[in-house]
Amino acid sequence: MNLAFRKGVLLGREPPKSAPMWMLLSHVCDSVHSVLVLGSEMQEALQGSLKMYVVESKAGAIVCMLLSLLLLGTFPAVMTSLERHGRLPQHTFLDYSITNFLAAVLIAFTFGQIGDAKPGEPNFLTQLGQDNWPSVLLAMAGGVFLSVGNLATQYAWALVGLSVAEVTAASITVVIGTTLNYFLDDKINKAQILFPGVACFLVAVLLGAAVHESNSADNKTKLESAAVDKERGDGTGIKAEGDFGTADFLIDLENRRSIKVFGKSMWIGIALSLFAGLCFSLFSPAFNLATNDQWHLLKEGVDHLVVYTAFFYFSCSCFAIAIVLNITFLYYPVLNLPKSSLKAYLNDWDGRGVAFLAGIICGFGNGLQFMGGEAAGYAAADAVQALPLVSTFWGIVLYGEYQKSSRKTYALLVSMLFMFVVAVALLMASAGNREESWSHWKLY
């Protein structure tokens, strides 16, 4: 076969028009093969000079935690927007779960696959074939806890609002989960700084409950006042819609949203938030055990799971549980939601792109949290549980939470947020360095 003709195809020039069809097909196949060989050689050369990307410094870990804090505080606001516009939470969570899992796959095949596998530093694909099932099961257990916790908070957001639901869940997560991670990480974090931060989170959860109770009383007063005005016929009663914080706005929101909250006890939302916090407090310690094998479950000579491989298995179980539970809730809904079906879900494209976006945001937020935790200690990485700072901002700006509330509510809200600022600062300041503390272990 003519070499010049072959190069012509590779360079984009057309073959002679008189060439028979079999020759054209042959040239196409040869071209594809040449490109693949060239790509393979370039990849091998590139991998030979690269090493798997890992976060090792304290500064890098803090950057990961701050980015994670921003992302994990934003995705609840994105998902809440759909519920407030009438989309069923089961439909939203199914869409969210798909892209949340795909984000983990993308991280595994990029950060986790850069460079050749080396002794003690296996890449993602290499680890898939290793005998590391004890660590894999621990990572998957963490994914189950996260999935169930996220599902509970989705309903809590509607019942008690973004701010209170996130504050309550995050505080319980820190009080329990951070304490567990501190001991699992061989106390690499500074206890004299870490535990005052934990105490601040505990105070914040109490303030969060007080904020919601005060705000609920404010809303009740607004609705009662509007109803009285309507009975008097002075023209200032409830309208079809209104500004943030008004009785008109609250009524309009209740009519539009999929989860109806009027008449439901606030304690249902608080209970869901507490349950979610308990689940969240366990997923990080499980992930910690999966990547560092503190219980010595792996056979001698078997590498610890790198953070990217552990995150992949973690996300597999998170995805599976979310699919099973939400398909079940389509046919057996909770909180008096209407029944749906798999067919109805597949045909519901209204807001699907937004739900996909929420999954991507959350997926990368979780990945960054684990990357920072592997470097500086998972107890310090729990600083991302200050995500209610971000969620509260979005709740006020996008959804008008606490608009036109009483001074008491504002004072409690500011106090709650102040305690969170102090708490996150203390947890980040307590960050240690795993490599310095566990010099006999290899940091991936």
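Modeller: Happy to, and bear in mind that this is a predicted model. Let's start where the axes of helix 6 and helix 15 (residues 407-429) come within 12 Å, crossing at roughly 35°.

Biologist: Which hand does the crossing of helix 6 and helix 15 have?

Modeller: The crossing of helix 6 and helix 15 is left-handed.

Biologist: What makes helix 6 and helix 15 meet, residue by residue?

Modeller: Contact means heavy atoms within 4.5 Å. On that basis Ser-163, Val-167, Ala-170, Ser-171, Val-174 and Thr-178 in helix 6 meet Met-416, Phe-420 and Leu-427 in helix 15. By class, this contact has 6 nonpolar, 3 polar and no charged residues.

Biologist: And how do helix 3 and helix 4 cross?

Modeller: Helix 3 (residues 58-84) and helix 4 (residues 89-110) have axes that come within 10 Å and cross at roughly 140°. The crossing is right-handed. Phe-75, Met-79 and Leu-82 in helix 3 meet Thr-92, Phe-93 and Tyr-96 in helix 4, a contact with 5 nonpolar, 1 polar and no charged residues.

Biologist: What is the volume of the largest pocket, and which residues are closest to its centre?

Modeller: Its volume is about 720 Å³. Among its 31 lining residues, His-212, Ser-216, Asn-219, Val-261 and Phe-262 are the closest to the centre.

Biologist: Which helix gives the largest share of that lining?

Modeller: Helix 7, with 8 residues. By class, the lining has 13 nonpolar, 11 polar and 7 charged residues.

Terms used. Residues numbered from 1 in each chain as written. Predicted model: local features only at pLDDT ≥ 70, side-chain atom pairs only at ≥ 80, totals over all residues. Heavy atoms only, no water. 1 Å grid on protein atoms, 1.4 Å probe; cavity = no way out; pocket = protein on both sides within 12 Å on 5 of 7 lines; lining within 4 Å. Points joined across faces, edges and corners; volume = space filled by probe spheres on them. Helix = DSSP H or I, 4+ residues; strand = E, 2+ residues; numbered from the N terminus. Nonpolar A, V, L, I, M, F, W, Y, C, P; charged D, E, K, R; others polar. Axes fitted to C-alpha atoms, helices over the stretch in contact; angles between N-to-C directions. Left-handed = near helix turned anticlockwise from the far one by under 90°.
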